[in-house]
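Here's a quick briefing for anyone meeting this model for the first time. Have a look at the picture, then read on.

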Amino acid sequence: MSAYPEKLEEILDLFDGLPETERREMLISFSENAHQYEPREGETFDLEDVRKDDECTDEVGVFLNVDDSGHARFKVRLGPKVQTLTRAMTSILCRSLEGSTPESVQDVPQDFVPRIVGAELVRLRSQTVYYVLTRMKSACAVFLKRARVSGGLTQSRQGAKI
Amino acid sequence: MNEKFSDYAHPEVLVDHDWMKTHLDDPHVRIVESNEDILLYDTGHIPGAVHIDWRRDLQDQTVRDYIREEAFAELCRSHGITEDTTVVVYGDKSNWWACYAFWVFSLFGHKNLKVLDGGRDLWVARGEALTKEVPQFARSEYPTPPERRDAAIRAFFADTLKHAEAKLPLVDVRSPGEFSGEITHMPEYPQEGVLRGGHIPGASSCPWKTAANDDDTFKTRAELTEIYENGLGLKKDDDVVAYCRIGERSSHTWFVLTYLLGFENVRNYDGSWTEWGNMVGVPIEKSDSA
């Protein structure tokens, strides 16, 4: 059985074997769709984590909702200086992790990233493609910790900010 | 000519938006975009611009070094660049990689080189034209350069060690935190594999950013003179070596010192801190940042 959520596996299948030109086009397309996953005005979340870390070029806000069935839905707001590849990965992750449980998000291995990005585009300064996944996992960890402390998912939804 | 440019030592190496807009279709001009963000060109670029990637196109893929003479000639041929073509470079990050490309083209002696002042971000901020159309140019003739001019504008590790021991001017253009050793990564960037924090003994700290305005344009001649000559104490005939982490920010400073202020003997130590900071048996200094 795949270690990846089903939707992510589908996206990986899309990228597998793509010629370099088409891979770039696909990544550009995903990056241009990243704005679809920004939180809307007035939208509320179970958890908001907005910060600028030293190793990232701009502020990144991760917003998490978990429904009564325990399915997660992420929104991400990226500062204008965030690079195109990171925008693409954000779009891919928001789409592919929707409906996963916070526990399963935490278990997603990072080794799928090179399958999407490809050898040509992987380089030292593009390592922040891993960053958004790390932030999503971190949000899930905090959400679950709060859920455990408060005794259940429902009680953990306090519109909390990290 | 742009009034600001006319004060520089070599005003011919800079172009502004007005110049660029009147040369978009000039067959004697080739516009080159060079970025850190490796997909940025694909999202849209100045009409007619070709993409030169600092790692894929300018660096050897198996040796930590630049391409050799024949590969450079082939790169130019593939973009329809001749010996006489005016190559105008621009890019993201305040033109770091544009200056890096300018420097590499200079290694091979290409004569007609210019930088778009303000780079990509100012072009975009002002709402100037962008396209996703990738131009196709007929292959050109470009003779293989007789040599790569390493000795003239490039410092290797051994050169830099000798330079430091002789207490000649060394300019560390990284951030104050990198210079002092407080941090081992560039602010806002991931760790790039440096084992030690600090600077080359005897180096002076003068971050590249001091030469740029907030809109990524270069500061005026008077401002640059104040920074580098009055502030840092450099003289035009000094033998100067500039370095950063991998040579891109120091390309920016190399360009400023050489072309905007007219220094005659500036070299870029492209091995920079990722080489020096990791080298076995080599001393470093730590200090309060200036």
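B:Arg196 sits in the loop between α9 (176-180) and β7 (204-205) of chain B; helices (H or I, at least four residues) and strands (E, at least two) are DSSP runs, numbered from the N terminus. This is a predicted model, where local features need pLDDT of at least 70 and side-chain atom pairs count only at pLDDT 80 or more, while totals for chains, interfaces and linings use all residues. Residues are numbered from 1 along each chain as its sequence is written, and chains are lettered from A and ligands numbered from 1 in the order in which they are written.

**B:Arg196 and its surroundings**

- B:Arg196 counts as partly exposed because 14 other C-beta atoms lie within 10 Å. (A residue is buried with 20 or more other C-beta atoms within 10 Å of its own, exposed with 12 or fewer, and partly exposed in between; C-beta atoms are placed from the backbone.)
- Setting aside residues up to four places away in sequence, B:Arg196 touches B:Gly277 and B:Ile284. (Being in contact takes C-beta atoms, placed from the backbone, within 7 Å.)
- B:Lys114 is 82 residues from B:Arg196 along the chain, and their C-alpha atoms are separated by 36 Å.

**Two domains in chain B**

- Chain B splits into domain 1 (3-148) and domain 2 (154-276), with bounds that come from an automatic or database domain assignment.
- The C-alpha centres of domain 1 and domain 2 of chain B are 22 Å apart.
- Where they meet, 21 residues of domain 1 of chain B are in contact with 20 residues of domain 2 of chain B.
- On the domain 1 side of that contact in chain B, the elements giving two or more residues are α5 and α6 (119-125) of chain B.
- The largest share of that side, 7 residues, comes from α5(B).
- Sorted by class, the domain 1 side has 12 nonpolar, 5 polar and 4 charged residues. (Ala, Val, Leu, Ile, Met, Phe, Trp, Tyr, Cys and Pro count as nonpolar, Asp, Glu, Lys and Arg as charged, and the others, Gly among them, as polar.)

**Nonpolar cores**

- In soluble globular proteins, nonpolar side chains tend to be buried together.
- The largest nonpolar core has 73 residues, and the members touching the most others are B:Val32, B:Val89, B:Ala101, B:Phe102, B:Val115 and B:Ala242. (Such a core is a set of buried Ala, Val, Leu, Ile, Met, Phe, Trp, Tyr and Cys residues joined through C-beta atoms within 7 Å.)
- Helix α5 (residues 96-107) of chain B gives the most to this core, with 11 residues.
- Both domain 1 (3-148) and domain 2 (154-276) of chain B give residues to this core, so it lies between them.
- Beyond its neighbours within four places in sequence, B:Ala242 has contacts that include B:Val171, B:Trp254 and B:Tyr269.
- There's also a second, separate core of 45 residues, with A:Leu27, A:Phe30, A:Phe74 and A:Val82 among them.

**Helix packing**

- α5(B) and helix α11 (residues 248-260) of chain B pack at an angle of about 70°, with their axes 7 Å apart. (Axes are lines fitted to C-alpha atoms, for helices over the stretch in contact, and angles run from 0 to 180 degrees between N-to-C directions.)
- That angle makes α5(B) roughly perpendicular to α11(B). (Under 35 degrees counts as roughly parallel, over 145 as roughly antiparallel, 65 to 115 as roughly perpendicular and the rest as oblique.)
- Among the residues that meet here are B:Trp96, B:Trp97 and B:Phe102 from α5(B), and B:His252, B:Trp254 and B:Phe255 from α11(B).
- Over in chain A, helix α1 (residues 6-15) and helix α3 (residues 84-97) pack at about 135°, with axes 7 Å apart.
- That makes α1(A) oblique to α3(A).

**Positive phi values**

- Most residues other than glycine have a negative phi.
- B:Asn95 has a phi near 70°, a positive value in a residue other than glycine.
- B:Asn95 is in the loop between β4 (86-90) and α5 of chain B, and counts as buried because it has 31 C-beta neighbours inside 10 Å.
- B:Ser272, in helix α12 (residues 272-276) of chain B, has a positive phi near 45°.

Notes. Contact = placed C-beta atoms within 7 Å.
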